[in-house]
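Student: Please take a close look at the aromatic ring contacts in this model. I would like one connected account.

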Amino acid sequence: MTSLENNEQPESVKIEQTEVNQCSSCGGNTVFDPSSGALKCPFCGNEKEIEKTQENAIEHSFLQALEKDDHSWDDEKRVFKCENCGAETVLDKDKVADFCTFCGSSHISTSENHAGIKPALVLPFQVPQEEAIEKFKGWINKRYFAPSSLKKSYQLSKITGAYLPYWTFDSKTRSNFVVRIGTYYYVMVTRTVVEDGKTRQVTEQVRKIRWRTEHGRYNEFFDDVLVKASRNVASDLIHKIEPFQLNALVDYKSQFLSGFLAERYSIPLKEGWNGAKAIIDRRITNGIERQVHGDVVQVVSVSTNYDNITYKHILLPIWISSFHFNNKVYRFLVNGQTGKVSGNAPISALKVTIVSLVAIMIIAIIVISFGGQ
């Protein structure tokens with residue numbers, strides 16, 4: 001097994017000194033320290049506090065953003081593109097990317113693409129690199145269906161801290177709907193049954209449904225509907241390390257990104273809104289079903305107006321890495337706020353077969369036992 005030194009910088013970035021992040025004591029380049037929440041010099045240990053504000057009041061008009069291109073992040077960032085997987089990384093203008101965080105490729109080039117919309121909020125890392133590694137080790141030790149040799153022979157790659165882009169959307173909604181409402185009623189029904197070779201008549205109560213159609217209105221305000229803005233990290237892995245505690249979001253400052261990477265959003269604003277709208281529509285349907293009283297409610301149609309749509313671009317922290325086992329690469333993620341881990345791991349066909357056979361034997365024993373009574 002291999003691991004990382006606590007103060008080792010990710011190989012994917014060459015960090016040069018900048019005046020903003022320069023250590024006032026020794027002149028070294030400071031990086032954001034998740035343990036203290038401050039800028040820390042890896043050479044002399046000197047720390048500099050970062051003033052954190054939580055105004056969270058920066059809302060931008062969605063419709064106005066569609067009318068013009070917003071390149072507000074270009075003043076401090078530039079984009080590097082991976083020619084292998086297409087992922088785009090946003091770095092300070094004095095930094096250079098050598099390796100892709102998402103696929104490990106060294107085919108990285110400076111992109112002419114704009115950095116795009118500047119983030120409004122950021123959720124700073126709270127899990128240090130060494131803790132993320134320990135969380136991963138605990139996770140891999142619980143892979144009960146993995147080959148027994150995995151825990152001793154896997155090779156851990158470099159682990160990199162990255163901020164993933166997300167959109168949040170707010171909107172007032174006004175919906176007109178049509179529903180079918182079913183009310184239960186019961187009738188007595190007589191039918192013929194055969195028991196022990198003899199026929200007889202039985203009368204039983206049968207439930208039926210009486211339907212009616214109704215029209216109505218439903219209004220709701222949706223606040224901070226969260227949508228992932230990255231195509232480069234598998235959604236199934238991301239969902240397994242959620243949720244993030246968004247009440248810890250603070251106003252964006254570039255110092256929080258010092259020593260870390262940030263991915264440029266690959267899902268543009270308009271597409272992000274389509275994803276948010278799908279979430280909103282599902283919630284509206286659920287709200288209508290709760291609002292309408294009936295034993296059974298079927299939503300036939302919903303027509304919704306979305307007003308005062310606003311958005312924010314936010315960054316959420318994850319640790320990204322992989323491990324090698326039997327010449328295969330398995331990716332994993334660690335939530336940079338909570339330490340929750342998700343990933344892919346090899347599965348032992350032998351262990352799965354044994355467990356399946358045991359389960360079949362237990363079911364067979366239960367069936368035989370009850371059958372003999």
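Tutor: Trp319 is buried, with 4% relative accessible area (buried means under 20%, with a 1.4 Å probe and protein chains only). This is a predicted model, in which local features need pLDDT of at least 70, side-chain atom pairs count only at pLDDT 80 or more, and totals for chains, interfaces and linings use all residues. Residues are numbered from 1 along each chain as its sequence is written, and side-chain values use heavy atoms, with hydrogens and water left out.

The whole structure holds 19 aromatic pairs (rings of Phe, Tyr and Trp, the last by its six-membered ring, with centres within 6.5 Å; planes over 60 degrees apart count as edge-to-face). Phe32 belongs to strand S2 (residues 31-33), while Phe256 is in the loop between strands S14 (250-251) and S15 (261-263), 224 residues away (strands are DSSP E runs of at least two residues, helices H or I runs of at least four, numbered from the N terminus). Phe32 is buried at 3% relative accessibility, and Phe256 is buried at 0%.

The ring centres of Phe125 and Trp319 are 5.2 Å apart with planes at 65 degrees, so this pair is edge-to-face. Because Phe125 sits in the loop between strand S10 (121-122) and helix H2 (129-140) and Trp319 in strand S16 (residues 296-325), the pair ties together parts 194 residues apart in sequence. Phe125 is buried as well, with 1% relative accessible area. Ring pairs join Phe32, Phe125, Tyr163, Phe256, Phe260 and Trp319 in a cluster.

Notes
Rings of Phe, Tyr and Trp (its six-membered ring) pair if their centres lie within 6.5 Å; planes under 30 degrees apart count as stacked, over 60 as edge-to-face and the rest as tilted. Buried means under 20% relative accessible area, exposed over 50%, partly exposed in between (1.4 Å probe, protein chains only).
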